[in-house]
Amino acid sequence: SSGINAEYGQSGTLPQRAMTAKPYELRRDFSPVLSSLLVQYNKSQEVDSMANLHSEVDEVRGVMAKNIEKVMEKGEKLSRLEQRTAELDANASQFRRTGVQLQRRMWWQNQKMKIVLVGTVTVILTIIILIICWQKGVFKKKKY
């Protein structure tokens with residue numbers, strides 16, 4: 001359009017003719033200008049470089065979107081890992097407390113068993129000693 005404006009301008013007979021022109025009447029006037037503009041805008045190098053630039057931008061966008069997605073996934077995985085670690089820590093503390101309680105309970109049970117065993121052995125030995133003493137006549141009254 002700038003080439004057309006520069007060549008034909010906004011004033012003069014061409015704008016007036018354009019208002020009253022029949023179809024294809026102005027073709028010979030605009031044909032060279034349109035041809036040169038088509039050649040200028042259809043140069044393959046410029047179009048290819050713009051297309052390449054657009055494809056590179058699209059490719060970079062795609063890579064960045066994938067990277068952002070990966071970062072978000074890693075963040076979610078780290079969050080889950082952090083949560084699991086906290087749960088394991090809590091479970092380990094509970095396990096430690098339960099283990100200490102069980103150890104104390106078993107120690108007391110062991111002590112009770114020792115006391116019962118010692119008492120039982122003492123009673124049995126006392127009975128055996130008393131039986132032996134009775135058979136030997138230690139408990140018989142002596143006549144004087």
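1. Before going on, a word on what you are looking at. This is a predicted model, in which local features need pLDDT of at least 70 and side-chain atom pairs count only at pLDDT 80 or more, while totals for chains, interfaces and linings use all residues. Residues are numbered from 1 along each chain as its sequence is written, and side-chain values use heavy atoms, with hydrogens and water left out.

2. How confident is the predictor? pLDDT is its confidence in each residue, from 0 to 100. The mean for the protein is 84, and 83% of its residues reach 70 or more. Confidence is lowest in helix α1 (residues 2-8), with a mean of 53, and highest in α4, at 92.

3. The protein has four helices and zero strands. Both are DSSP runs numbered from the N terminus: helices are H or I with at least four residues, strands are E with at least two. Of the 144 residues, 4% are buried. The accessible surface comes to about 13700 Å², and 62% of that belongs to carbon and sulfur atoms; such areas come from the Shrake-Rupley method with a 1.4 Å probe, and for residues only the protein chains shown count as cover.

4. Back to D58, which has a partner. The structure holds one salt bridge, meaning a side-chain nitrogen of Lys or Arg within 4 Å of a carboxyl oxygen of Asp or Glu. R61 forms it with D58, and their closest N and O atoms are 3.8 Å apart. R61 and D58 are three residues apart in helix α4 (residues 44-135), so about one helical turn separates them. R61 counts as exposed, at 58% relative accessibility.

5. Now look for two surface patches. Patches are made of residues with over 30% relative accessible area and no salt bridge, where like charges are joined within 9 Å and nonpolar side chains (Val, Leu, Ile, Met, Phe, Trp, Tyr) within 5 Å. K66, K70, K74, K77, R80 and R84 form a positive one. Here Lys and Arg count as positive and Asp and Glu as negative, with His and the chain ends not counted; a charge is placed at NZ of Lys, CZ of Arg, CG of Asp or CD of Glu. R84 lies in helix α4 and is exposed at 52%.

6. The nonpolar patch consists of L117, V121, I124, L125, I128, I129 and I132, with about 640 Å² of accessible area together. I128 lies in helix α4 and is partly exposed, at 42%.

Methods: Buried < 20%, exposed > 50% of the residue type's maximum accessible area, 1.4 Å probe, protein only. pLDDT = per-residue confidence, 0-100.
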